[in-house]
Amino acid sequence: MFFYYLRLARISIVKHWGLSLLMIVAIGLGIGASMTTVTVNYLMSANPIPHKSSQLYNVQLDSWDINEPYNDDGTPPEQLTYRDGTNLLNANKAFRHSLQAQANGVIEPEGKDSLPFMVSARANTADFFTMFDLPFIYGGGWDSAADLNKQQVVVINSETNQRVFGGENSVGRDLKINGNYFKVVGVIDYWDPKPRFYDISTGAFNDAEEIFVPFAMIAEEKIGRSGNTNCWKTPEGEGFEGFLNSECVWLQFWVELPNQQDKEDYLSFLNAYVEEQKAFGRFERPLNNKLLNVMQWLEQQQVVEDDAIMMMAMSLMFLIVCLLNTVGLLLAKSLGKAPEIGLRQALGASRRTLFAQYIIESACIGIAGGILGLCFAWLGLQGIGALYGDMLKGLTSLDTNMVASAIALAIVSSILAGLYPTWRACNVQPSQQLKSQ
Amino acid sequence: MLELGLIFRALLRNKVGALLIGLQIALTLTIMTNAIFMMQERNAQMDRPSGLDEANLFFVNNTIFATDYNQQVALEEDLTLLRNTEGVVDAIQINAIPMSGGGWSMGLQTESGVGKDSVGVAVYMVDDHAINTLGLELIAGENFSINDIQWRESSQTTWPAKTIITQAMAESLFADDWHSAVGKTAYISQEQPMQIIGIVKTLQAPWNGWDGVERSMLVPFKMETMGSRYMIKTEPGRRDELMPIIEKALADSNKGRIIRRVTTMDDIRERSYRGHNAVNKILSTVIVVLTLITGFGIVGLAMFSINRRTKQIGTRRALGASKGQIMSYFMIENIMISSFGIVLGIAGAIGLNIWLVNTLSMSPINIEIIVFGVIVLYFVGQLAVLYPARKAANIPPATATRTA
């Protein structure tokens with residue numbers, strides 16, 4: 001029977017091709033627009049490190065001005081001061097921890113013809129690589145002894161390795177950065193978490209860095225720091241030393257805590273630390289430390305942009321308009337079919353079979369609309385990609401989840417749209433219809 | 001007028017169809033008005049002048065990596081080279097680029113001391129050539145003299161004795177009379193005095209989303225820093241030709257640094273407002289497509305209802321109704337449906353706007369846009385029903401005599 005209904009559906013769709021086309025296009029546009037915006041939102045709110053996002057915690061301490069909160073909503077600064085960062089690092093209370101800052105450097109490759117070039121860098125401590133699961137092609141990260149001894153070592157990404165060393169195993173070779181020689185200890189494969197959760201201070205969707213050096217290189221002034229710096233108080237001391245000891249926040253500190261107990265222990269450690277610092281006249285604000293895991297952190301920092309949320313709301317309303325349109329057209333179509341339905345009922349068709357037949361017809365329209373919608377969504381994402389350029393890089397691709405949900409959404413919504421018209425159609429009085437013929 | 005009641009009662013016999021179209025019109029109005037409103041807000045932001053002579057300006061990043069680099073000498077050499085290049089009007093070293101999104105801000109206050117109210121301001125560290133290079137309009141006071149310019153070491157926390165501020169900054173500091181700001185003293189870092197020697201009309205801060213975007217100050221500093229920027233103004237129309245020439249001249253003159261990101265102010269503006277532009281394009285597409293869908297929906301339903309009523313229409317014609325009367329029947333019916341949708345839609349538009357104001361901190365919608373949306377939707381409705389109505393009017397009276 002199913003195939004017979006499919007055939008009937010085809011006949012009916014072809015017979016009223018104008019209306020059917022209108023419905024398919026309307027559903028397609030609605031699905032296309034929603035899928036485009038939902039995809040952008042979905043990718044913006046994606047979990048960048050799913051297998052351990054609940055064990056990685058960002059540390060926030062409220063070291064800000066007593067007269068004025070850092071954020072109006074009361075959340076503490078998203079970064080730490082150098083003093084607090086190094087104190088927490090030295091306390092060594094977490095399973096793993098990584099203190100880090102954004103930096104940049106100029107690489108001077110060997111050879112007369114090669115020009116120096118600028119790279120984005122991250123100055124981080126040893127655990128960074130294991131905590132965030134960086135994929136190594138050659139070698140590996142440095143150990144904490146290298147941090148302590150301020151060794152000039154570097155981990156580079158495969159692109160830099162290609163550019164400077166022609167892609168070969170460069171572990172053990174020297175790389176001249178900002179006029180100093182650093183020994184390459186590891187080369188990583190492509191690694192680009194979106195959002196770049198471990199440092200969103202300059203934009204949540206920036207690319208991962210090209211080279212990684214020990215955090216101590218910043219204090220040694222072997223690498224220039226970049227990124228966001230926020231101060232509520234002018235540094236008291238002179239020069240770089242004064243800056244390091246200031247109340248300016250510019251560091252990210254992450255800890256890995258395997259279970260809930262560890263988390264609670266670490267939070268009480270943080271609170272005890274702040275109480276202790278209060279004795280030095282710091283941390284004058286009420287206790288407001290935050291230990292958030294990756295997804296909580298991204299939520300607190302609202303990495304999904306307002307524009308994206310607004311457009312998703314708009315496009316979902318757009319989908320509703322398209323569905324209302326479809327309901328109206330299906331209704332019109334089913335009313336036009338009253339005589340046919342009356343005839344079929346008189347010949348013995350039960351309401352249930354009639355219902356099945358017309359629902360199958362709606363579903364067919366839904367599937368066609370869904371497929372068209374996917375094409376529109378693909379076009380829409382291409383369009384958004386072109387409009388935003390590199391600002392939304394990596395956030396405009398359809399994945400299988402999205403394709404499946406688009407089709408499902410199309411079928412479900414077209415069946416929903418078909419329910420009322422079908423019900424109306426099945427309630428036709430056969431006698432009346434037959435009389436008027 | 002008798003007809004109106006008749007049409008209305010006939011409409012009630014097919015409530016659901018009319019209801020659906022009405023709802024569709026309501027949602028269309030809701031989305032359309034809010035989308036237009038958001039586009040207008042973005043356009044207004046993009047139309048604000050930066051204060052710069054954008055068309056003739058570009059900048060380069062100068063990143064120093066050599067360890068034996070005499071910064072003061074090199075800066076003077078670079079500036080001499082730039083200012084003497086044929087076709088260059090003027091050039092400066094600058095710490096931040098307007099509209100670029102990255103820069104410095106400080107607080108200025110009219111009374112010295114901790115805990116006093118201060119006004120946030122963007123800091124541009126420049127020399128006495130800044131007004132000429134950037135193309136600023138000095139509306140009060142005077143420019144820096146060459147003796148005002150000091151060297152600034154990196155991480156230095158003291159400030160020079162003089163400053164030039166924008167009119168908006170002067171208004172924020174001295175609300176009663178911004179003219180009076182010239183010659184007055186403002187305090188930076190809570191207690192370091194700076195004398196305001198001049199006021200420029202407009203110079204935007206680097207952050208175009210900041211509510212204090214019009215508040216900037218010029219500080220007479222030449223910076224010793226490993227990374228700075230040179231802003232270069234060319235003679236009209238010669239910017240693109242000079243960009244590669246200057247890049248090469250700078251790169252060749254000193255090998256201890258990299259010259260990179262040679263960028264025009266036009267590019268910075270495009271990049272800065274790319275998100276706004278993109279949203280505007282997407283929203284206008286949404287509005288157009290949505291209106292089309294609603295319009296075609298109206299056409300489809302009207303065609304169907306006319307097909308169903310062929311015989312009735314024929315009968316009316318046979319009983320003496322004119323073509324015009326048949327047409328106006330459907331047009332009036334459409335106005336009734338549209339009115340229902342529009343009343344709902346106005347409520348929806350205001351409701352959606354309230355949600356947007358609350359969750360995404362936008363500003364409240366203005367009434368003109370809603371009036372505009374209402375007119376557009378009435379017009380679209382009438383236009384959509386025109387073809388079906390004409391078809392109905394052309395149904396021959398003889399139809400009444402035929403069966404089915």
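A polar contact here is a pair of N or O atoms within 3.5 Å; within protein, one has to be able to donate a hydrogen and the other to accept it, and residues adjacent in sequence count only if both atoms are side-chain atoms. By that rule, three residue pairs, both members at pLDDT 80 or more, are in polar contact across the interface of chain A and chain B. The model is a predicted one, so to speak of local features takes a pLDDT of at least 70 and side-chain atom pairs count only at pLDDT 80 or more, while totals for chains, interfaces and linings use all residues. Residues are numbered from 1 along each chain as its sequence is written, chains are lettered from A and ligands numbered from 1 in the order in which they are written, and side-chain values use heavy atoms, with hydrogens and water left out.

Turning to the overall build, chain A has 15 helices and 12 strands, and chain B has 11 helices and 12 strands. These elements are DSSP runs numbered from the N terminus, with helices being H or I of at least four residues and strands being E of at least two.

In chain A, domain 1 covers 2-45 + 305-436 and domain 2 covers 56-300. The C-alpha centres of domain 1 and domain 2 of chain A sit 50 Å apart. Six residues from domain 1 of chain A and five residues from domain 2 of chain A make up the contact, with contact meaning heavy atoms within 4.5 Å. About 460 Å² is buried between these two domains of chain A, and carbon and sulfur atoms give 59% of it. Buried area is the accessible area (1.4 Å probe) that two parts lose on being put together, summed over both. On the domain 1 side of chain A, A:Met44, A:Lys393 and A:Leu395 supply 62% of the area buried against domain 2, more than any other three residues. Between domain 1 and domain 2 of chain A there are zero salt bridges and zero residue pairs in polar contact, counting pairs with both at pLDDT 80 or more. In chain B, domain 1 takes in 2-47 + 274-401 and domain 2 takes in 54-272, with C-alpha centres 54 Å apart.

Next comes the interface between the chains. Here 47 residues of chain A touch 45 residues of chain B, and about 4,000 Å² is buried, 78% of it from carbon and sulfur atoms. There is one salt bridge between chain A and chain B, a term that means a side-chain nitrogen of Lys or Arg within 4 Å of a carboxyl oxygen of Asp or Glu. A:Asp307 pairs with B:Arg42 in it, the closest N and O atoms being 2.5 Å apart. Several elements of chain A each supply at least two residues to this side, among them helix H2 (17-44), helix H13 (351-388) and helix H14 (400-426). The largest share, 22 residues, comes from H11(A). By class, the chain A side has 31 nonpolar, nine polar and seven charged residues; Ala, Val, Leu, Ile, Met, Phe, Trp, Tyr, Cys and Pro count as nonpolar, Asp, Glu, Lys and Arg as charged, and the others, Gly among them, as polar.

A:Val38 lies in helix H2 and, leaving aside neighbours within four places in sequence, is in contact with A:Met312 and A:Met402. A cis peptide bond, with omega about -10°, joins A:Lys194 and A:Pro195, and A:Pro195 lies in the loop between strand E8 (180-188) and strand E9 (211-214). A:Glu221 is not a glycine, yet has a positive phi of about 60°. Over all chains the structure holds 32 salt bridges, including one between the side chains of A:Glu209 and A:Arg196 at 3.2 Å, N to O.

Conventions
Domains from an automatic or database assignment.
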